[in-house]
Structures are given as structure tokens and as C-alpha cells.
Amino acid sequence: MGNTADEIVFYTHPQSRGRIVRWMLEETGQPYRTEVLGYGEGMKSADYLAINPMGKVPAIVHRGVAVTEAAAICSYLADVFPRAGLAPALDDPLRGSYFRWLFFAAGPVEAAASAKALGLLAPPEKAGLVGYGSFDQMVDTLEKAVAGAAPWLLGERFSAADVYLGSQVLWGMMFKTLPERPAFADYGARLRARPAWQRATALDDALVAGG
């Protein structure tokens, strides 16, 4: 399939953070072309390193511009396809809360969860040096955000913040990097009921099954 001016090319692996972006793409309703890269040689090829010098997925290329980092891709897609309603407008007061939770998930949540999984959490006396403070502080703050979701982080309006933060909650429950709390389970159930999440999950699961 040849490139067109407005085509979205999605670089991913089905067992990666690319699942977040796949879900986001499905929420936008926009067509996209998927390029599946293997770990190792596929992601470290010269062609792909020209797109993402980190040699990691996900990434997208749209209108000749490469966008990497899952949270940045979600934010970009929400803004460039406003008809999907996945981000508050620039003059909407909800935009502050939208960015707050989107980047809380991309910063403190992911950093603390990764550090805990690796056994590298900052000791209490160094908590002030890391953005997440302590793992417990992060989890308590995340729980308050999710418990207040009615049904979403912005109230009745689902947004890209729910895609990104919600992915962290779903993975945290799956891989046991988050403690079991009713608020997480309830929010996760609402997320898994979304048709776009179900479509994205089926697509990536099929790729895993196909090897």
C-alpha cells in the first residue's frame, strides 16, 4: 500500500505499549496502516531508527511527521482528529484536568510501576528526588482519580486521558504491579466494555496468536 498525504502509518508490536496506540487509533475511527516490527533487528534497522532513534515502538508517521512516545501519540491523535471528541478544546476548562491525568499516567504512574517491578524504587529518604514520590503516594493518587471517574476522568466525556491512564490501570491489574482495589476493578470493567478497546485487543491478540 503506497503512502498518501494523510495516511497514518502505525509501527508496533502486539506485545508492547503499541497496544495503547492501537486502542487510541480505534477510538478515533480513522483508517491506518499497521507495520509490525520484531524485537531486535526489526526495531533496530536503519529505516526504523530514522523514525525513532530509540529503536522502540510504538510510533506513527502522519503527514510526513514522526510521533513517538505513547502518551504523545494519544495527545496528537486527539488534537488532529477533533471530531472524535477525545480531547477538550483549547478554551475548555476541562483541558487542564485532561492534561493533568494524561501526564500523571505517563510520568509518576509509569515510572513508579516500572521501578517497583525492577526492585528499584527510591528509598524513603530519597523520595523527594523522584517525580512519583513513593509508590504508595502514586497508587493512592491514582485510586482517587479513578474512583472519581463518573464514569470517566472528565465526567461523562471519554478522552485520550482514559486511553492512556486506563491502559496503565488495566496492565497494572493484569501484571499485579498495582494492588487490587475496587476502584481499579470498576474502572477497568468500564474500559473493557468499550467497542474500540475490544476491537484493538482482538487485532493485537490475533497477531500474537499468528506468531
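This is a predicted model: local features need pLDDT of at least 70, side-chain atom pairs count only at pLDDT 80 or more; totals for chains, interfaces and linings use all residues.

1. I would start with Asp162, which sits in helix H6, residues 160-174. Asp162 is buried and yet has no salt bridge. The nearest side chain of opposite charge belongs to Arg190, 7.4 Å away.

2. Setting aside residues up to four places away in sequence, Asp162 touches Trp23, Trp152, Leu153, Arg157, Ser167, Tyr187 and Leu191.

3. Tyr187 turns up again in the largest nonpolar core, which has 54 residues. Together with Met138, Leu142 and Leu165, Tyr187 touches the most other members there. Two or more residues each come from strand S1 (8-12) and from helices H1 (18-28), H3 (70-80), H4 (94-117), H5 (135-147), H6, H7 (182-192) and H8 (195-209). H4 gives the most, with eight residues. As background, nonpolar side chains tend to be buried together in soluble globular proteins.

4. Beyond its neighbours within four places in sequence, Leu142 is in contact with Phe104, Val109, Leu165, Val169, Leu178 and Phe184. Apart from this core lies another one of nine residues, including Tyr11, Val57, Ala59 and Val61.

5. Val57 also takes part in a cis peptide bond, with Pro58, where omega is about 10°. Pro58 is in the loop between helix H2 (46-49) and strand S3 (59-62). A cis peptide bond also joins Ala150 and Pro151, with omega about -5°. Pro151 lies in the loop between H5 and H6. Most peptide bonds are trans, and most residues other than glycine have a negative phi.

6. Which residues have a positive phi without being glycine? Arg63 has one, at about 55°, and Arg63 is found in the loop between S3 and strand S4 (65-68). Lys176 has a positive phi too, near 60°. Lys176 belongs to the loop between H6 and H7, and it is exposed, with a relative accessible area of 57%.

Technical notes
Residues are numbered from 1 along each chain as its sequence is written. Side-chain values use heavy atoms; hydrogens and water are left out. Helices (H or I, at least four residues) and strands (E, at least two) are DSSP runs, numbered from the N terminus. Buried means under 20% relative accessible area, exposed over 50%, partly exposed in between (1.4 Å probe, protein chains only). Lys and Arg count as positive and Asp and Glu as negative; His and the chain ends are not counted. A salt bridge is a side-chain nitrogen of Lys or Arg within 4 Å of a carboxyl oxygen of Asp or Glu. Contact means heavy atoms within 4.5 Å. A nonpolar core is a set of buried Ala, Val, Leu, Ile, Met, Phe, Trp, Tyr and Cys residues joined through side-chain atoms within 4.5 Å.
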